[in-house]
Amino acid sequence: MNIYELLLDKFKHALTKVGAPEGAQAPLTRSTRPEFGDYQFNGAMALAKVLGQKPRDIAEKIIEAVELDGIASKLEVAGPGFINIHLCSQWLAAQLDSAAQDPRLGIEKEAANTVVVDYSSPNLAKEMHVGHLRTTIIGDAVVRILEFMGHKVIRQNHMGDWGTQFGMLLAHFSDQLQEQVAETALSDLEDFYRAAKVRFDEEQGFADRARDYVVKLQGGDSQCLKLWQQFVDISIAHSEEVYQKLNVTLKREDIMGESAYNARLPGIVSALKEQGLAVEDQGAQVVFIRELADKEGNPAVYIVQKSGGGYLYSTTDLAAMQYRSFELGADRILILTDARQALHFKQTEIVGRKAGFIREQTSYEHCPFGMMLGSDGKPFKTRTGGTVKLAELLDEAVERASALIAARDSDLSADEVNQVAQKVGIGAVKYADLSKNRTTDYMFSWDSMLAFEGNTAPYLQYAYTRVQSIFRKAGVDAAGLTAKIQLLEPQERALALQLSQFVEAIVQVERDATPHVLCAYLYDLASQFMSFYEACPILKDGVEEDVRNSRLQLAGLTARTLHTGLNLLGIDTLEKM
Ligand code: ARG
C-alpha cells in the first residue's frame, strides 16, 4: 500500500469537490515533525488565490470534503492553511499486518513499461577503470528496482568497441606483433593501450594510419575485423570478471556495443541529409542545432560524419536511439554516463526527435553523475597518478574489510570471515557510491565507506544481523509469525510509519533513477529500529505475549525490508558478522 498515493488521490478528489479547477496543484509532503502529523497537504493556499477566498477557510472546506474516515485520526489546519494529517494507528497497523503476510511486503507491481537501460558501457581495449564504476553500480541498482516494480527491462551495455581508439590499436598491433604473441601482448591491455597512445601522439604519420584503419574497419575489411575481434574478446572477458566481482547483473547477451550499429550508420546520415537536417560543412556532414545556439547566435554544431567518411559517437547514438525506440519498443530509454556527456545527449535528443529516430511516446533520459574524486578532491588516481583499475580496487576493498572483521570481537571461523569480508567489502564500495546524490562529485574514502557507523553498507548489514540475532535468541522463525501489530509506544509507531514508506522510496528511484533515496530510507529505517529496540524490550521477562509478538513482527518486517532494499541495491546481507 502506497500511503502517499492514497492520500494524494483522496485530496485530489476533495479539491474537485470544493470547486478547484482541473489539474489544480495538490502538494502533499511528509511532515517534518511528529506534532505536525504524518503528512501535510498544502494545496489550500494556491487554491485560495484562484477562488478568491481565505486560505484557512479553503483548508477547512477541504477537510470537510476529504474522505479519510478510518484512515486519518485527525486533520487540522495549521499556519496559513496547511493541513496536518495524522494517520490512525490501527489503520497503519493493519497495513503492516497485511504487508507481513505478503512476500512483496505489500508493494504492488505497476503496469509494465519497456525500459531500456544503457549502463556500464566501458570502452574496450582498455581495462575497466574507476570511471566506469559509478555507471555500473548505479545502473545495476536502477534495473533491479525497475524490474521489481514489474517493468520489462532491457539492459544495453553500449560498449565502446569501435571508433578512433581501435584504429590506433590496430595500427600499433599490425606493426609490432606476430599473431602468436598477440595473446600475451593483450594480457596487459593497459600497457598496450599506453604504448599505442604514445605513438599516436608522438610518431609522425602514425595518427593518419590509425585513422585509415578506422575507416577500413568500419568498411568491413576482413583482416582488420579479425584483429579487432581478438581485442574485443579479451576485453569482454575482463569486464565480465569485474561484473562478477561486483555482483552486477549484466550478462554477455546484454552487450550491444557501438560496432553493432555499424551497418545502420550510412542510413542515419542519409536520412538526415534527405530531411535537410544534415548539410556538408568542410567535407563533413553536420547538423546545425539552432535551439542550442551560443550567445552570438551561432548554432551548436553536431557532426555525424567526418570528412574522411568515418562515423562518430553521435552517429552511433542516433542509430541506438532508433533501434531502442522502434525495434525494442522502449517507453523509456535511460542512459547513465558522467555529466560531461550531458550536452551530447541533449543534442542527440533534439536531432533524433526532429529526424523521427524516436517515437514521440518514448522518453529519452540521460542520467548524469558527478566524478569520483580522491581524498585530495582531484579526480581519483593511483598514488603514482595512473588510472585506478577496477579489479584491483575491488580486491583491496575485500582485503580491507577482512582486516576489519578479523579485528572485531566475534565467533566467526576463518572461512566465515572470508565470506563476510567479501560481502562487506564489495557492499561498502557499492553503497558508498549509491548513497550519494549521483549528480554531485563523490569523494572516495576507504575509512568512511567501511565504517560501522553512519550511512554505510556495514552499518546496514550489521543492523540486519542484529535483528536476525533477536530471532535466533527468541527461537522463532520470522516467516511463521502471525501476530497482529499493536502500536502503543511512540517508537513503535514511528518505526511502523517508516516501514510503511518503503514503497514511496522505491517509486521515487523508479522515476528518477536516484538510488540514494532508497539508501537514505534504509538508513533511517535502521536508525528507527535502533531507537525502537532501545525503548521497547522484546525478549525481556515481563513483556506480555501479545506485545512481544507484535514487536517481533515489527522486527521481522524491519529485517525483510532491509534485506529487500539492500538486495535491490545489489548488496548482500549476512546472518552473522
Ligand atoms: N563508452 C562511453 C564512455 O565510456 C559510454 C557510452 C554510454 N552510452 C551511450 N549510448 N553513449 O564514455
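Colleague: Helices H9 and H10 are roughly perpendicular to each other. At what angle do their axes cross, and how is this read?

Modeller: This is a predicted model, in which local features need pLDDT of at least 70, side-chain atom pairs count only at pLDDT 80 or more, and totals for chains, interfaces and linings use all residues. Residues are numbered from 1 along each chain as its sequence is written. Helices (DSSP runs of H or I, at least four residues) and strands (E, at least two) are numbered from the N terminus. Axes are fitted to C-alpha atoms, for helices over the stretch in contact, and angles between N-to-C directions run from 0 to 180 degrees. Under 35 degrees is roughly parallel, over 145 roughly antiparallel, 65 to 115 roughly perpendicular, and the rest oblique. Here the axes of H9 (residues 206-218) and H10 come within 8 Å and cross at roughly 100°.

Colleague: Which residues of H9 and H10 meet?

Modeller: Contact requires C-beta atoms, placed from the backbone, within 7 Å. Tyr213, Lys216 and Leu217 of H9 meet Cys224, Leu225 and Trp228 of H10. By class, this contact has five nonpolar residues, no polar ones and one charged. Ala, Val, Leu, Ile, Met, Phe, Trp, Tyr, Cys and Pro count as nonpolar, Asp, Glu, Lys and Arg as charged, and the others, Gly among them, as polar.

Colleague: At what angle does H10 pack with H14?

Modeller: H10 (residues 222-246) and H14 (residues 390-407) pack at about 25°, with their axes 10 Å apart, and are therefore roughly parallel to each other. A crossing is left-handed if the near helix is turned anticlockwise from the far one by less than a right angle, right-handed if clockwise. That of H10 and H14 is left-handed. Glu241, Val242, Lys245 and Leu246 in H10 meet Leu390, Ala391 and Leu394 in H14. Five of the residues in this contact are nonpolar, none polar and two charged.

Colleague: How do the axes of H19 and H20 cross?

Modeller: The axes of H19 (residues 502-512) and H20 (residues 516-535) come within 8 Å and cross at roughly 165°, which makes H19 roughly antiparallel to H20. Their crossing is left-handed. From H19, Phe502, Ala505, Ile506, Gln508 and Val509 meet Val517, Leu518 and Tyr521 of H20. The contact of H19 with H20 comprises seven nonpolar residues, one polar and no charged.

Colleague: What domains does the chain have?

Modeller: Bounds come from an automatic or database assignment. It gives domain 1 (3-87), domain 2 (164-254) and domain 3 (400-568). The C-alpha centres of domain 1 and domain 2 lie 61 Å apart.

Colleague: Which residues does UniProt list for "Arginyl tRNA synthetase N-terminal"?

Modeller: UniProt positions follow the numbering used here, with shortened feature names, and annotations may be inferred rather than shown by experiment. The unreviewed entry lists that domain at residues 5-87. This span is 39% helix and 23% strand, with end C-alpha atoms 14 Å apart. UniProt places "DALR anticodon binding" at residues 460-577, also from an unreviewed entry; residues 460-577 are 69% helix and 0% strand, with end C-alpha atoms 12 Å apart.

Colleague: Where does UniProt place the 'HIGH' region?

Modeller: The unreviewed entry annotates this short sequence motif at residues 122-132. Residues 122-132 are 0% helix and 0% strand, and their end C-alpha atoms lie 6 Å apart.

Key:
Contact = placed C-beta atoms within 7 Å.
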